[in-house]
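Biologist: Before I rely on any label attached to this model, I would like to hear the criterion behind it and the value that was set against it.

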Amino acid sequence: MLNTIVELLKASGADAWEITEISERGWEFYCIRHALDQHRAKRLESFQVKVYKAFEDGKFLGSASASMAPDISREEAARMIADLLRDAVYVQNPAYTLNPSDGEAYAQSADIDLGAISRDFLQAMRTLPETVTEDLNSYEIFVSEMRRRYLNSNGIDVTAVYPVSQVEAVVNARDEGHEIELYRLYKSGSCDSAQLRQDLSELLRFGRDRLRTVTTPSLGQIDVVFSTDAAREIYDWFIYRLSAATIVRGISDWKPGVFVSEEMRGDRVTVETRQILPNSSANAAFDTEGAAVRDLTLIADGVVRASFGSRQYSQYLGLGDSFIASNFAVSGGGASAEELRQGRFLEIVEFSDFQVNVMNGDLGGEIRLGYLHEGDKVTPVSGGSISGTMRELVRTMRFSREQRQYDTRLIPAVTRLKDVTVTGAE
Amino acid sequence: MKAPFSPYLSSLAPGLKQLIADLAKDYDSVSALSTDSVGFSILISQHGKSVSRENLTTERGTVIRVRRDGQYAEAALTGFDPTRAGETAAWIREELNGQLAVLSELGVETYDTPATPDSPAELFVEMETEQLPENADIPALIERMSALSDRGMAEGKDMLDCMLRASSTHISKMFLTEKRDLRQSYVYSEGSVMTMASRDGRNEADYEAVSGRRGPELFDELEEKIGTALRVTEELLNAERVVPGEYDCITAPDVTGLIAHEAFGHGVEMDMFVKGRALGAEYINQRVGSDLVTMHEGALCAEDVTSYAFDDEGTLAGDVTEIDHGILKTGICDVLSALRLGSAPTGNGKRENFAHKVYTRMTNTVFDSGESTLEDMIASIRHGYLLEGMESGMEDPKHWGIQCLLQRGYEISDGKLTGKVVSPLVMTGYVPDLLGSVSMLSRDRKVFGSGYCGKGHKEWVKVADGGPYLKVKARLG
């Protein structure tokens, strides 16, 4: 079908075009306790097609896109391309160009054995340190081979093949007459059994502690420590503000040379893009528009150095060759994790759903498990919520030198936000 | 006009029936769901426009479910060739047997589940719509949306953008077994206005949406949302922080819908009963709310984005009374969970798309109306807030904890709105306490279908929820 679509696009009158052929082979396993609820296989293919038309001597560029099924007929495909060209007339944006071919044929491929990866995951889940009082309620395992081929009218024709895996785990902990659950969704390339065991063992421990919590008191303002995956939200606020589209839209005023905060009394953050992070689910040599992905420093010691983004918004911002980054590393912490856990603070390891609003920096979430540290006294707490805004908290935030990876994010293992408002549940 | 059923799916039917017959030699409970849903999405912003002949619910593919030795399995594929059903059957056998080899090697036991009854049924439903997305006048729509975006920019202060979105989908689904042949076609649409402004380094945005089981004619309603979005954005730019604490509150219908969804939507999804993940199982026929609280769930209990004729397992749509005057009566259920629990499916087996597994999912989740007026409700509060603007929610069915991230609260003092706005808000609480505190409900109600719902943090499906204004006691932070 691909050749037919290319042929139709070349004859269509489009000034430029792009095709992304996406193929996925996947295996899935769903377990209740350790019994198999269901197993599933999938074989999927689609073609994402985008056409471009230039207007007013190239000052404006119209575009429109569609997804085509692999069994689309030649006539249907031709009709769809004609519709897209008609639509493109009405969505004219300031002109930009598609990525040029650099002559390199990125044929990144891997020998992906769905059976072997599935076996590793199933084995890892079945050998966790479960006890009579802390165990797995249920879990789901997803293993896929993703094959992404990108072609455009400038001659790019590149293919990436990579594994994408996901595990959803629900943990129970119980004592006499009382049971609680905790939830995790892990995404990765393939199975890192040791890491999975470590993360899920931690979750089982959290489950045990959740059973002996007291209601979170009204703490007013207190330092809050993040040491689990909720911290990704905090660093994604930085990443979002570095995106070319966000800057063009005026949501972010960050530009090279600007400090991320007017006052910086805490640690100075460094943010980098990474082409490869070990076992990330997004390790590919090129992005979804065919641009080469590379390591790039976006913020160095609290000072913005660069931004990144799609071809369209990067050109609007005058970035030259940029790319859509997927993997990020954050560093710059001045203290160890242990040093950050000093004094009076609330370490929250489980939220119902912690969120940072990327638009305005407001953050909030209900506490499912926290540890209130007051000198030598540590009290597990639950209930209530936290609120604040990154606009203010960024000035004094501190984070550890040690890092921890959550799929596409390598971030400080421990982050401490100063004077966060904690509403108790009493 | 009727939304016509997909000719593409009709052309697959003979081959799928052949495939089902072939697989029935080795498996029982063989069924097929095929989908062919077309549509579009448009985004108009001051900083870029886009149009696509697809959206989050357009899809074309087939999923086959089989059972053998008490074990259910599925295979999902694109490009099913009805003239080569035998090849597809061979691929399904090979893949599923390959998986069973790995499972057997590891000694994984089966969660034994009875066979699915296959009673004869035929259904062919083409629902009414004014327009079809595939025939929509996209250029005219883009021009109208662009004009509205420009108007928003001109009428607002310190505007960053006025973004409009529109998407419309013509859904066709076909469910086949040896004895059942169900086919449905309907159209749903959703649109939104998002106004963004920045003042003194503070960014704020408001999102106002329209939705319905209607065609692109729905987007005429976007115009009236511009003024609301601009007013709310201005209010947010001047909003203050709430003093944390427990307050008398009135929830606007969108917040009421969020409570319905998070409190007794997820809490009574009966696949969670099978896993022992929901407290609701232990509270059937017990009081979970005040006598004023009645709540319905089902594709038939409102007409919105997820009001279908049958679900993704071929169960006909229903209308379940989950809570009747404060008493929890029942939950909602997919086919396999019903088989495991010995109950009946309720028409709530849904997939993100054909390639995803079925879970018990919500459709329309709605509180019944009451007898009060909003004015009476405001007048009854000495100090509290009128809560509007739902952003997101999260449930804890095991504990009946609830978290609602809300956009804003309008202060009420001595029975009157003071004009003071607080934002953002985190509303938390224990569901029976929250619903037990319901003391007044308004006469009118609204249903909102612009959102997606996840199971955990994945499996996104369309849902709608709503109800009247509720007076409750809630903890705000």
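Modeller: What follows is a set of questions about those labels, each answered from the criterion and the value.

Modeller: As background, this is a predicted model, in which local features need pLDDT of at least 70 and side-chain atom pairs count only at pLDDT 80 or more, while totals for chains, interfaces and linings use all residues. Residues are numbered from 1 along each chain as its sequence is written, and chains are lettered from A and ligands numbered from 1 in the order in which they are written.

Biologist: Why does Gly39(B) count as buried?

Modeller: A residue is buried if 20 or more other C-beta atoms, placed from the backbone, lie within 10 Å of its own, exposed if 12 or fewer, and partly exposed in between. Gly39(B), which belongs to strand β1 of chain B, has 25 C-beta neighbours inside 10 Å and therefore counts as buried. Leaving aside residues up to four places away in sequence, Gly39(B) touches several others, among them Glu54(B), Pro133(B) and His170(B), where contact means C-beta atoms, placed from the backbone, within 7 Å.

Biologist: How do you know that β6(B) is largely enclosed by the rest of the structure?

Modeller: By the burial criterion, 17 of the 18 residues of β6(B) are buried, so the strand is largely enclosed. As for its partners, two strands pair if DSSP finds at least two bridges between them. β6(B) pairs with β1(B) in the antiparallel sense over 11 bridges, with Leu43(B) opposite Arg165(B), and pairs with β7(B), again antiparallel, over 17 bridges. A hairpin through 3 residues joins β6(B) to β7(B).

Biologist: What makes the buried residues of α3(B) line one face of the helix?

Modeller: The buried residues are Ile138(B), Leu141(B), Ile142(B), Met145(B), Ser149(B) and Gly152(B). Seen down the axis of α3(B), they fall within an arc of 100°, so they line one face; the arc is that of the directions from the helix axis to the C-beta atoms. The face turned away from that buried side carries the exposed residues Ala140(B) and Ala154(B). What covers the buried residues includes α2 of chain A together with elements of chain B, including β6 and β7.

Biologist: How many residues of each chain are in contact with the other chain?

Modeller: By the contact criterion, 65 residues of chain A are in contact with 66 residues of chain B. Strand β2 of chain A gives the most to the side of chain A that touches chain B, with 12 residues. β2(A) and β4 of chain B run parallel and are joined by 6 bridges, and Arg43(A) stands opposite Leu77(B) in β4(B).

Technical notes: Contact = placed C-beta atoms within 7 Å. Helix = DSSP H or I, 4+ residues; strand = E, 2+ residues; numbered from the N terminus.
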